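Subject: Structure handover

Hello,

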Amino acid sequence: MNIKELYEQYLLHPQITTDTRDCPPGSIFFALRGETFNGNRFAHQALDNGCALAVVDDPSVVDDDRLILVDDVLTTLQALAAFHRHQFTGPVIQITGTNGKTTTKELVSAVLSERYNVLFTQGNFNNHIGVPKTLLRLNASHQIAVIETGANHPGEIKLLSEIVDPDCGLITNVGKAHLAGFGSFEGVIRTKGELYDYLRTKSDAFVFINADNPYLQPIAHDLLRITYGRPGKDYDVEGEVLTCDPCLNLRFRIKGGAWQEVKTQLIGAYNIDNILAAVAVGVRFGVTPEQISRAIAAYCPTNNRSELLRTATNTLIVDAYNANPTSMAAALDNFQLIKHPHKMAILGGMRELGNASAQEHQAIIDKVATMALDDIWLVGEEFQPFAERYRYFPSVEAVEQQLREHPLHDSLILIKGSNSQHLYRLPDYL
């Protein structure tokens with residue numbers, strides 16, 4: 001079955017699933033394969049659970065006319081999503097970057113939702129499977145789409161850009177993350193820049209760019225740019241931090257316009273770049289400054305990203321969804337600005353840094369050594385060689401045991417680490 005024929009079936013059954021535990025009646029099941037699973041084995045179960053059709057790539061399971069045989073299920077899913085996206089006539093914005101892309105996507109979507117019905121990536125479904133699934137949620141009611149794309153190896157943003165076919169793009173920043181996959185910081189820059197490379201193939205494409213970022217400007221050549229950054233440089237949108245203790249308060253203005261002051265629910269001065277990106281997108285698509293301010297003020301972070309939590313005994317800054325040297329340093333810099341009589345940090349090891357891991361963890365240790373913190377706990381084997389001066393825990397379970405036996409009180413606590421360290425479990429013990 002070719003893509004056009006499959007698309008006709010999709011129009012009859014416009015819900016897709018890849019999980020037999022979630023089979024809406026009349027949906028299409030895509031039997032994906034992985035290192036430890038083979039969806040073909042569950043195709044019949046998906047049909048029994050309510051799916052109308054199942055797309056498979058194993059001829060041996062095809063014994064029912066509801067089973068559609070293709071050469072490769074994943075590439076078929078991606079091709080179907082790309083075909084469906086090309087039926088959409090509204091603007092499509094693609095967002096990527098090392099840090100802040102999910103928060104930026106959320107802020108952009110909140111701002112645009114003041115005027116439009118927006119399709120946007122749910123959670124962090126930003127990979128080679130999540131992006132097609134997001135695009136296949138597009139329907140006639142949507143007016144604009146905001147698609148987040150992530151990568152951990154070269155070529156991944158290129159592939160996702162070809163599927164998304166964006167009209168405009170935004171790279172939040174480039175930093176030291178997934179170095180094991182990218183090979184080097186330069187590899188990170190090249191891979192994120194694949195979005196710019198794709199947009200250069202389209203005559204009417206443009207980018208939203210942090211014009212203060214020294215790594216983005218050189219790779220954005222030959223692209224129409226809508227700029228944002230700090231005041232005094234004639235950018236299209238400019239803004240600055242007013243206070244950050246603990247939530248970020250800022251002001252912004254559009255070139256030639258009046259200042260707008262906004263009190264946010266975001267922790268971290270570094271979030272001003274994410275907010276200015278959302279302002280720039282909103283302005284370009286006709287959202288008024290007043291609407292933009294309202295959307296940003298109302299946005300409340302979730303999913304362990306820059307969250308401020310007040311428990312019965314402590315105040316927590318939970319940023320435990322992800323961590324790399326760039327975001328870890330930014331979180332510590334911001335934490336240093338917040339005033340509190342008793343401050344401590346619980347830091348989890350940073351994953352996927354390859355040969356740079358030891359050097360980058362040592363750099364974080366050197367940084368915290370200069371900070372006025374009352375206590376520092378280090379979690380995970382990545383920190384173990386550098387933990388002589390601090391409290392070390394091999395796992396989050398060990399931290400939980402310590403907190404059960406010796407609860408903490410009256411502290412401001414930064415919780416920061418890679419998601420795989422599971423530090424997001426700690427608020428239940430604090």
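A residue counts as buried when its relative accessible area is under 20%. Cysteine 168 has a relative accessible area of 0%, so cysteine 168 is buried. Keep in mind that this is a predicted model.

Cysteines

Cysteine 51 is buried too, at a relative accessible area of 3%. Which cysteine sulfur is closest to the sulfur of cysteine 51? The sulfur of cysteine 23, at 3.6 Å. A disulfide needs two cysteine sulfur atoms within 2.5 Å. The sulfurs of cysteine 51 and cysteine 23 are therefore too far apart for a bond. A search of the whole structure returns zero disulfides.

Annotated binding site

An unreviewed UniProt entry gives a "binding site" feature at Gly97, Thr98, Asn99, Gly100, Lys101, Thr102 and Thr103. I looked at two of these residues in detail.

- Threonine 102 sits in helix α4, which covers residues 101-112. Its relative accessibility is 8%, so threonine 102 counts as buried. Setting aside residues up to four places away in sequence, threonine 102 touches Gly123, Asn124, Glu148 and Arg305.
- Threonine 103 is also in helix α4. Its relative accessible area is 8%, so threonine 103 is buried. Beyond its neighbours within four places in sequence, threonine 103 contacts Leu266, Asn271, Asn274 and Arg305.

Helix α13

Helix α13 has 13 residues, 357-369. At 1.5 Å a residue, helix α13 should span 18 Å.

Which residues of α13 are buried? They are Ser357, Glu360, His361, Ile364, Ile365 and Val368. Viewed down the axis of α13, these buried residues fall within an arc of 145°, so they line one face of the helix. What do they pack against? The partners are α12 (325-337), β16 (343-348) and β17 (375-379).

Domains

The domain assignment gives domain 1 (3-76), domain 2 (88-298) and domain 3 (307-429). How far apart are the C-alpha centres of domain 1 and domain 2? They lie 33 Å apart. Contact between these two domains involves six residues of domain 1 and five residues of domain 2.

Best regards

Terms used
Residues are numbered from 1 along each chain as its sequence is written. This is a predicted model: local features need pLDDT of at least 70, side-chain atom pairs count only at pLDDT 80 or more; totals for chains, interfaces and linings use all residues. Side-chain values use heavy atoms; hydrogens and water are left out. UniProt positions are given in the numbering used here, feature names are shortened, and annotations may be inferred rather than shown by experiment. Helices (H or I, at least four residues) and strands (E, at least two) are DSSP runs, numbered from the N terminus. Buried means under 20% relative accessible area, exposed over 50%, partly exposed in between (1.4 Å probe, protein chains only). Contact means heavy atoms within 4.5 Å. The expected span of a helix is 1.5 Å times one less than its number of residues. The arc is that of the directions from the helix axis to the C-beta atoms. Domain bounds come from an automatic or database domain assignment.
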